[in-house]
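Hi,

Here is the structure I promised to send over.

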Amino acid sequence: MPVLPKYMKLNLDRRIIFILMAIAVIFPLVFKLGLPNKVTPEVKNLFGQMESLNDTSVVLISFDFEASSFPEVQPLANAILMHCFSNNLKVIGISLLAEGTALGEKVLKENAAKYNKVYGKDYVFLGFRPQVTATILALGEDFHKVFPEDYYGGSTADLELTKNIKNYKDISLIISVTDGDIPFSWINYAVARYNKDLAVLATAVMATSFYPFLNSGQIKGLVNGLKGAAEYEILLKKPGMGARGMDAQSMAHLLIVLLVILGNIGYWMERRKK
Amino acid sequence: MDLGTLIAAILTLFIFSFLYKDNPFYKFAEYLLVGISVGYFIVISIKTTVVPKLIFPVFREGDLLCLIPGILGFFMFLRFFPKLAWLSRISMALIIGAGAGVSIPAMMQAQIFAQMKASMGSYASINNIIVALAVITTLSYFFFSREHKGALGTSAKIGVFFMMLFFGATFGYTVMSRVTLLIGRAQFLLGDFLGIIK
C-alpha cells in the first residue's frame, strides 16, 4: 500500500464522518424539510411517452437487478408501475437476473393490488430466464417459446393477457429496471435488431453509461436513481419513496461537499506549514 | 412487526456494525448473504431452466434433441476433472463462437454506427458541437502513432479535460447511488422496524 506524505494525513476519525452522515440522512427523514426538486427533460420524455399509450397497450417490464441495489431501484419500479396501472396499461413482468425474480414479483404484486388489478388479465409475471442475449433475441421471434409458462406454472397460451402476444410487435414499450449493464443487451438486440422502443430506469451509478444512448435516440426515456424516482412521482402527483428520500439525499450530498472542501482546506494548510 | 422485518433489521444492523470495526456479526451477515444468493440462483436456475428445458422435454415429451445442450452443459462441469477437462473446451468453443457471431454485428450496429451517427448529427445546437468536440479530442488522446505535441497534443489535452468531466460525473453519480442505499436502509429501520416514520 502506498505511504501518504505526513502532510496529507488529516487526523479525522472516519467514524465521525459516519456519525455525521447518519445524522444528515436520519434528520430529514424524521423532520421533513420539503426541499425543492426540479423535473428533468429525460424524465418528462418518458412520462409523456407513457401518457401516449392507451389501455390496450402492453408494457414489458424487465426487473434486471439484484437484492443489493433494491433500496435504489424499488422507488423507480414503484413509480413506473403506479403509472402503468393508473393508466390501465397491461404489464408483463420478467427478470433477466435470478435475484430480480422474487423482488420483481413482490413489487409487481404490491402495486397491482393497490389498483385492484387482476392477474392474467391486467398483469402477468413470467419469472427468470437465463442467457440474456438468447432470451432477448428469442422474444423477438416467438414469445411463447421463451415463456411457455408463467412464474406460477400456468400456460401463457391460456392467460388472457399473453395468449395473443407473438413477439415484440405486440408490445408497445420495453422498460428495463436495472442496476447493471443489461440495458446494453436490450439496446443491441431488441432496439437495433427489432427497432423496439426501450426506456431505462437505472441506478444512479449507471447513469453516465446510458446518456449517450439517450442522446442518440436509442433509449426513449431515462430515469436515474432516487432523484429520477422523485421526479417521476412529482409528475404522477403521487409522492412516494423517492420524494421522501430526496431531502435526505440532498443533505447527505451537502455534507459530502462540505467534507471535500474542508479536506482540501486542511490539505492546503498542512502543505503551507511545510 | 412480522418475523421477516425483525430478521432483516437485525441483519442490517449486523452489516452496519462494520462501520465501527470488523466483527463476527458482520462476517456472519456477509457469509449469509453470499450463501443465500448462490443457493437462490441454483434453485431458480434448476426450476426455470433445467427442469422445463431439459428434464420435461426429454422425459415427458421424449424430445431427445434436448439432450445435446444438456450434454454440452454437463461437459462444462468436467473442468473439475483434469483428465476429462478437454471436453469442456467443446462447450466453450460453441459458446464463444455463437456468442461472438451474434454479438459482434449487433454491437457494431448499436454501439458504434448508431453512436457515430448521433455524434455526426445536426450541429445546430451548442450541445451537439460540444459532443462532437468531446468525441474528436478524446479519440485524439488515444491516438498513439504520433507523439502528443503541437495540434495533436493540444487536442489530446482537451480530450483529457472531457474525460475528467466524465469521471467526475460518474463519481458523483456513484456517491449518489451509495447514499441512496443508505437512505433505503434508514427508511426501513426508521419506518418498518421502529415505526418512527410513516
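**Notes on the model**

A:K237 sits in chain A, in the loop that joins α9 (225-236) to α10 (241-273). Keep in mind that this is a predicted model. A:K237 is not a glycine, yet its phi is positive, at about 60°. Is A:K237 buried or exposed? With a relative accessible area of 70%, A:K237 is exposed, since the cut-off for that word is over 50%.

There is another residue of this sort in chain A. A:N195, also something other than glycine, has a positive phi near 55°. You'll find A:N195 in the loop between α7 (182-194) and β5 (198-202) of chain A. A:N195 is exposed too, and its relative accessible area is 67%.

Now for where the two chains meet. The crossing of α1(A) past α6(B) is right-handed.

Which residues do the meeting in α1(A) and α6(B)? From α1(A) come A:M21, A:V25, A:I26, A:L29 and A:V30, and they meet B:L182, B:I183, B:A186, B:Q187 and B:L190 of α6(B). Sorted by class, this contact of α1(A) with α6(B) has nine nonpolar residues, one polar and no charged ones.

Cheers

Technical notes
Residues are numbered from 1 along each chain as its sequence is written. Chains are lettered from A and ligands numbered from 1 in the order in which they are written. This is a predicted model: local features need pLDDT of at least 70, side-chain atom pairs count only at pLDDT 80 or more; totals for chains, interfaces and linings use all residues. Side-chain values use heavy atoms; hydrogens and water are left out. A crossing is left-handed if the near helix is turned anticlockwise from the far one by less than a right angle, and right-handed if clockwise. Helices (H or I, at least four residues) and strands (E, at least two) are DSSP runs, numbered from the N terminus. Contact means heavy atoms within 4.5 Å. Ala, Val, Leu, Ile, Met, Phe, Trp, Tyr, Cys and Pro count as nonpolar, Asp, Glu, Lys and Arg as charged, and the others, Gly among them, as polar. Buried means under 20% relative accessible area, exposed over 50%, partly exposed in between (1.4 Å probe, protein chains only).
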